[in-house]
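Here is a short tour of a metal site and the strands around it. Have the structure open while you read.

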Amino acid sequence: MSSPPRPVPKLDAENRAFWTGGAEGKLNITQCGDCGKFTHPPRILCRHCQSENVAPAAVAGTGVIDTMTVNHQAWAPGLEVPFIIARVALDGVPGGLPDDQYRRLADRGRELWRQGPRHV
Amino acid sequence: MAREAYVTGVGQSEVGVRLPRHPLLLTVDAVKEALDDAGLTLDQIDGVFSFPGKSAGYLAFSPVGTDDLIEVLNIKSKWQMGAMEQPAQLSAIAMAAWAVKEGICRHVICFRTVYEAGGMANPAEYMPLQQKTTSGFSQWTAPFWATSAACWTAQYAARHVHKYGLTREQLAQIAINGSKNALLNPRARAITKEELTLDKYMSARMISTPLCLYDCDRFSDASTVIIVSAGDALDEVKATPIRIAATAGSVDRYSWDQVDWPASYDCGPDLWKNTDYTVKDVDTVQFYDGFAFLPITWLEGLGFVEKGEGGKFIEGGTRIARDGELPLNTAGGQLGAGRLHGFGFAHEAVTQLRGAAGERQIPGDPKVAVATSGGGPLAAALLLARD
Ligand SMILES: [Zn+2]
């Protein structure tokens, strides 16, 4: 048995760079050309200064897992469980949620990540 | 002279699982009971408020709109409001309070009808992962198989576990307490049939760590109605009025993966801003428990305990029991009495403050209660008092 295909996001002006960047090996996060801050999920203007001068920026793609859950419930027929859903505070992207107190959790998350969760 | 707002009537339909009765009829049942309770008639009603109103793409979740009631009950409404874009379920009652204080309405029907147990007969509605494409909010959840609020709430709960040491044994007390109280609530009979034990809880299957099966509320079919009246219209009412002493809400980004902690932590302090009451005056709390973790966020957010101390407070279950220092979810909550989606908490708070809760009535002539709703980025709270 294998999991059903993942739902594919419909592309539009806001989300295209994020969802298609992976084809070039890039994690694109919308960044403001005026204040330098990031907006995610992406919008067509900066959520910090309302500038329309925003563009996708390729970020490092590393970060700290600040929380995670192991999901055991099949939310669709055939969905293979368990799998991990982790939240990552991206390096170099302020507005994420890194906190040294989560380091223990983060380390554990990294280890599980290396083991190769099937769906995340 | 500033007007006050009061709850003057409460009503509830039968609560069940896959009830054969149409959700609109369940709503009318609840309205009739609330009107009878208040001693009001339909021609005195001039407002209809709900959360989130009818949800066309999601009828099991919200099958009845304010326009449906205005139509079938022939209500001459001055103001109606049913919308998702509010800070959680009880905001409908808060807005009704504002409407009567403002003099726009005199008696407002507030309702929440759910048909989620019946809706399970149509699982396609609950299986967004079977759709080939996704857009809007769900594009940030469905591609990661994270379509359930269980997965989202679990992420907050996991942080509490790791930052503050919340244990499963502590978390279990919310569900166990709910089951005990539900057994004394006649309307919860279809939902809870026996007391939950710690052993049964600890051996239950996991849904999304650290939340197990018993940490998730139970789909039900039901309607709950709260009638809100203006303080200068109380001579038309026969029931003991319960004053809405304060209201508060908070809305964070509608983006669960970008929100630091549930909005209850922002909403909590605001509830005390416009009242002389403090947490010390509160006799019972009815805290939204769509998941067992959420009442902990309300205990901490409202200032009953410091942030991080909620697990210790509920440990052993004695403090939150009916005869404890802060009786919690005395009708069973959503874990024990069904997912009434927020309105059950206001219903029970009023019932306790009137001394009308029968076998589950808490001792000590309670005069002040808090009812809350929401989890994640949405939160709303009511402070209710018997003068
Ligand atoms: Zn900017």
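In this predicted model, strands E2(A) and E3(A) pair in the antiparallel sense over two bridges; strands are DSSP runs of at least two residues, numbered from the N terminus, and two of them pair if DSSP finds at least two bridges between them. A:Gln31 has A:Phe38 of E3(A) as its bridge partner. The two strands form a hairpin with five residues between them, and A:Gly36 in the turn has a positive phi of about 80 degrees. E2(A) also runs antiparallel to E4(A), joined by six bridges, with A:Ile29 standing opposite A:Ala57.

Now to the metal. The zinc ion is coordinated by the SG atoms of A:Cys32, A:Cys35, A:Cys46 and A:Cys49, at 2.3 to 2.4 Å; donors are N, O and S atoms within 2.8 Å of the metal (3.2 Å for Na, K and Ca). Their spacing along the chain is C-x2-C-x10-C-x2-C. A:Cys32 in strand E2 and A:Cys46 in the loop between strands E3 and E4 are 14 residues apart, so this pair links distant parts of the chain. The site is tetrahedral, with angles of 104 to 117 degrees among its four donor atoms (all angles must lie between 85 and 135 degrees).

Residues are numbered from 1 along each chain as its sequence is written, and chains are lettered from A. Local features need pLDDT of at least 70, side-chain atom pairs count only at pLDDT 80 or more, and side-chain values use heavy atoms, without hydrogens and water.

Conventions:
Tetrahedral: all angles 85-135°; square planar, octahedral: opposite > 155°, others 65-115°. Helix = DSSP H or I, 4+ residues; strand = E, 2+ residues; numbered from the N terminus.
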